Amino acid sequence: MVHHQRYHQLRKGEDDEEAQSLVDECGSAGYYKRTRPKLLALLFLSLLSCCFVLAPCLFSFPIYLFGEYDGPVAEMDAKTPLCSSISNGTICCDRSAFRTDICFMKGDVRTHSSSSSIFLYGSRNPNAFTDHVSSISGEGKEFEEEQLQHEKIKPYTRKWEASVMDTIDELHLISKKEGYGTHRHCDVHHDVPAVFFSTGGYTGNIYHEFNDGILPLYITSQHLNKRVVFVILEYHDWWITKYGDVISQLSDYPPIDFSGDNRTHCFPEAIVGLRIHDELTVDSSLVEGNESIRDFRDLLDQAYLPRIRSLIQAKEQKVQSKMKEEQSLPPSLKPPLETGKEEQVRQLKKPKLVVLSRTGARAITNEDLMVQMAKEIGFQVKILRPNRATELAKIYRVLNSSDAMVGVHGAAMTHILFLQPGSVFIQVIPLGTEWPAETYYGEPAEKLGLKYMGYKILPRESSLYNEYAKDDPVLRDPESLAKKGWEFTKRVYLDRQTVTLDLSRFRKQLVCAYDYYILKASRHSHFLS
């Protein structure tokens, strides 16, 4: 839950414990220098006033200075003002966002991984400011090159968070005069754009892998229709293995390990950095084609469907093999097949509830009783305990075929992306985690089209109830302690707390979820008839 440290906001006043109702029940700007005119006749005063008013509009040109460009990089930003028009030989950086910086390069783009640099060669205005700097060629010899522009960027989407950004490799984007490109010959020519990004930082936490990496990659590159090469800083083989199915839906080309590949790769254009909108979401108003988070989920369907089919086929083969073995048994040893079939049919008619189980901190200590209660209500229950080594396609298969999911607030709730729109998501919210629970998972769930039910536990349902006095702010007013900082929140509420559900209270959530499924199923049946 490292992502919680971004804000510590207070949202609600204190509620009476017993009266608590169930949540959601059933680059740089330029300037124009003017000199003050001499005193003129009154006849010209109005004209001069108009000139002064219009001067900023007439002479401010940080964005459109280099002319119009209609390539794919520019198309992505058709709905944003910064860097929407660039010309050959130009580097344009948008540093206006709170979460991320992103730069665009067009022309003769060449990588130089040993110096963490990306060079751009092309003609520029001969009157532009230049800086003669000393560089080192591929052979290690020093020579003077004319540097027209030098930008620095860390291509990771948490730029406000200094502690993690300090761990991210920095890239140098350098444009030089036409003709200097011959100093670095191209080892690999590409006829499609490149997108440079980092898989460092919080990579290893599934929330951050999707929120800070995969979703921004989709937002930044989907308009290129898979004609793009991904160049990755802090490259991890396990990350490529884990997300290869998704990456293949965004690019037709193998990704490049920027630091591990010392060859000079040449591109016609490059995007350095990724755009990000909000927590686990895609803002359709900022994306060309109005793609939304549901379109991203459709992409996940396409990514995992082939693997899921192979899993189903393997299971069917295993079942057929078992049936053949049983047929060879003596009649007295054969299982009652009809009873088994009847049980399968009966189970298929029940809504499927998946419980994302935790161990250790924020675990549900009476999970077995909760599961039994869910079965009594009418659910078919599947307990899922994913870990870092669990294949995502297998998790996707389970959740994509479920009707509801229950889990305690934490990074594993990122798996809501795998639920079908219309499914129910019940998030158990421990003490002190209401704001991040709603912000990082509750609100995104609703944008995904899920029926979201937040279950905010009472102090007596927390293990902290036995550690603190009943009037201690830790129990009575967790939000007031947000000012103590992230480390306090993590140490007390995330790392030391477990949950013992009030089953009679939680039963209302499960019944509501079950009734919602029945209503939805009846409407669907009525529609088909």
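This is a predicted model: local features need pLDDT of at least 70, side-chain atom pairs count only at pLDDT 80 or more; totals for chains, interfaces and linings use all residues.
H265 sits in strand 11, which spans residues 265–272. Outside the four positions on either side of it in sequence, H265 touches V109, R110, T111, V188, H190 and I256. One of these partners, H190, also meets H265 through a polar contact: the two side chains are joined at 2.9 Å.

**Around V192**

Next comes V192, found in the loop between strand 7 (188–189) and strand 8 (194–198). Is V192 buried or exposed? Its relative accessibility is 1%, and because buried means under 20%, V192 counts as buried. Once neighbours within four places in sequence are set aside, V192 is in contact with R227, V228, V229, Y253, F267 and P268. Take V228 from that list: V192 and V228 are 36 residues apart in sequence, yet their C-alpha atoms are 5.5 Å apart in space.

**The disulfides**

How many disulfides does the model contain? The count comes to three. As a reminder, a disulfide is a covalent bond between the sulfur atoms of two cysteines. Here they are side by side:

| Disulfide | S to S distance | S-S torsion | Handedness |
|---|---|---|---|
| C83 to C92 | 2.1 Å | about -85° | left-handed |
| C93 to C103 | 2.0 Å | about 110° | right-handed |
| C186 to C266 | 1.8 Å | about -100° | left-handed |

Let us take the pairs in turn. C83 and C92 are joined with an S to S distance of 2.1 Å. C83 is buried, with a relative accessible area of 2%, and C92 counts as buried at 8% relative accessibility.

C93 and C103 form another disulfide, with sulfur atoms 2.0 Å apart. The torsion about this S-S bond of C93 and C103 is about 110°, so the disulfide is right-handed. This pair links distant parts of the chain, with C93 in strand 1 (residues 90–94) and C103 in strand 2 (residues 102–112), 10 residues apart. C93 and C103 are both buried.

The remaining pair is C186 with C266, at an S to S distance of 1.8 Å. Its torsion of about -100° is why the disulfide of C186 and C266 is left-handed. Here, too, distant parts of the chain are linked: C186 lies in the loop between strand 6 (171–176) and strand 7, while C266 lies in strand 11, 80 residues apart. Both of these cysteines, C186 and C266, are buried. Strand 11 is also the element that holds H265.

**The nonpolar cores**

In soluble globular proteins, nonpolar side chains tend to be buried together. In this model, the largest nonpolar core has 63 residues. Which of them have the most contacts inside it? They are V195, F210, F296, L399, L417, F418 and F425. Helix 4 (residues 206–221) gives this core its largest share, eight residues.

Leaving out residues up to four places away in sequence, F418 touches F210, R297, L300, L392, I395, Y396, L399 and N400.

Definitions and conventions: Residues are numbered from 1 along each chain as its sequence is written. Side-chain values use heavy atoms; hydrogens and water are left out. A nonpolar core is a set of buried Ala, Val, Leu, Ile, Met, Phe, Trp, Tyr and Cys residues joined through side-chain atoms within 4.5 Å. Buried means under 20% relative accessible area, exposed over 50%, partly exposed in between (1.4 Å probe, protein chains only). Helices (H or I, at least four residues) and strands (E, at least two) are DSSP runs, numbered from the N terminus. Contact means heavy atoms within 4.5 Å. A polar contact is a pair of N or O atoms within 3.5 Å; within protein, one must be able to donate a hydrogen and the other to accept it, and residues adjacent in sequence count only if both atoms are side-chain atoms. A disulfide is a pair of cysteine sulfur atoms within 2.5 Å.
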